[in-house]
Amino acid sequence: MVGTEEAMFQPMFLTREKFETSTKVFRKMMTGKTQSKRLNFLPGPVAIKKEVEQAFYNPPISHRSSDFMENIKIVRERLCELVNAEHAQIVVGTGTLANDLVAAHLKKLSGKGLILANGEFGYRLIDHAERMNLRTKR
């Protein structure tokens, strides 16, 4: 854990030594047993809809423009309709930020919650809940 007592977090990283000793792919690469094609370690690739691909050909709009603000307003209104809410907010950030936002919202609710964890991300949710002093059963 790193950070301060008020904002502790666990960095997610993989050292070269750990990678070399724990992956079959690395051993195959080093012994020359890989196929001639490139290996993709990225999540995906995912299919891109033609409409999305076409949008990339348009010039970008500024996040300060009236067009952008109108689009954000429409998205927020649509989100409210979809989940029957009075308010919706759009936040740009990481999954960690999303977990913090959810934990902060849950803090306003009474009662106890249940966190089921079977891996690293579940354990991170437990950590978020503990730092937010949420009452949970694990």
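1. Helices (H or I, at least four residues) and strands (E, at least two) are DSSP runs, numbered from the N terminus. The chain as a whole averages a pLDDT of 85, and 96% of the residues score at least 70. Where pLDDT is low, the predicted coordinates should not be read in detail.

2. A word on the basis of these points. This is a predicted model, in which local features need pLDDT of at least 70 and side-chain atom pairs count only at pLDDT 80 or more, while totals for chains, interfaces and linings use all residues. Residues are numbered from 1 along each chain as its sequence is written, and side-chain values use heavy atoms, with hydrogens and water left out.

3. Helix α4 covers residues 66-83. At 1.5 Å a residue, its 18 residues should span 26 Å, and the end C-alpha atoms of α4 are 26 Å apart, which agrees. The expected span is 1.5 Å times one less than the number of residues in the helix.

4. A salt bridge is a side-chain nitrogen of Lys or Arg within 4 Å of a carboxyl oxygen of Asp or Glu. Glu-77 pairs with Lys-73 at 3.9 Å, N to O; both residues belong to α4 and stand four residues apart, about one turn of the helix. Glu-77 is partly exposed, with a relative accessible area of 41%, and Lys-73 is also partly exposed, at 45%. On this scale, buried means under 20% relative accessible area, exposed over 50%, and partly exposed in between (1.4 Å probe, protein chains only).

5. Because they are three residues apart in α4, about one helical turn separates Arg-78 and Glu-81. Arg-78 is partly exposed, with a relative accessible area of 44%, whereas Glu-81 counts as exposed at 55%.

6. What follows α4? The helix is followed by Asn-84, whose phi is positive, near 55°. Asn-84 lies in the loop between α4 and α5 (95-107) and is exposed, with a relative accessible area of 73%. Asn-133 can be read alongside: its phi is near 60°, again a positive value in a residue other than glycine. Asn-133 sits in the loop between α6 (120-131) and β4 (136-137) and is exposed, with a relative accessible area of 59%. Most residues other than glycine have a negative phi.

7. Helix α5 has a cap at its N-terminal end: a side-chain oxygen of Thr-94 lies 3.3 Å from the backbone nitrogen of Thr-96. The 13 residues of α5 should span 18 Å at 1.5 Å a residue, and its end C-alpha atoms are 18 Å apart, which agrees.

8. The structure holds four salt bridges. One of them joins Arg-131 and Asp-127, with the closest N and O atoms 3.0 Å apart. Both residues lie in α6, four residues apart, about one turn of the helix. Arg-131 is partly exposed, with a relative accessible area of 35%, and Asp-127 counts as partly exposed at 21%. Together with Asp-100, Asp-127 and Arg-131 are linked in a network of salt bridges. Side chains of opposite charge can pair when their charged atoms come close.

9. Which residues form a nonpolar patch on the surface? They are Val-25, Met-29, Met-30, Leu-39 and Phe-41, with about 490 Å² of accessible area together. Patches are made of residues with over 30% relative accessible area and no salt bridge; like charges are joined within 9 Å, and nonpolar side chains (Val, Leu, Ile, Met, Phe, Trp, Tyr) within 5 Å. Accessible areas come from the Shrake-Rupley method with a 1.4 Å probe, and for residues only the protein chains shown count as cover. Met-29 is found in helix α2, residues 24-31, and is partly exposed, with a relative accessible area of 36%.

10. Gly-111 lies in the loop between α5 and β3 (113-114) and counts as partly exposed, at 45% relative accessibility. Its C-alpha atom is separated by 48 Å from that of Leu-39, 72 residues apart along the chain. Leu-39 is one of the residues of the nonpolar patch.

Conventions:
pLDDT is the predictor's confidence in each residue, from 0 to 100. A polar contact is a pair of N or O atoms within 3.5 Å; within protein, one must be able to donate a hydrogen and the other to accept it, and residues adjacent in sequence count only if both atoms are side-chain atoms.
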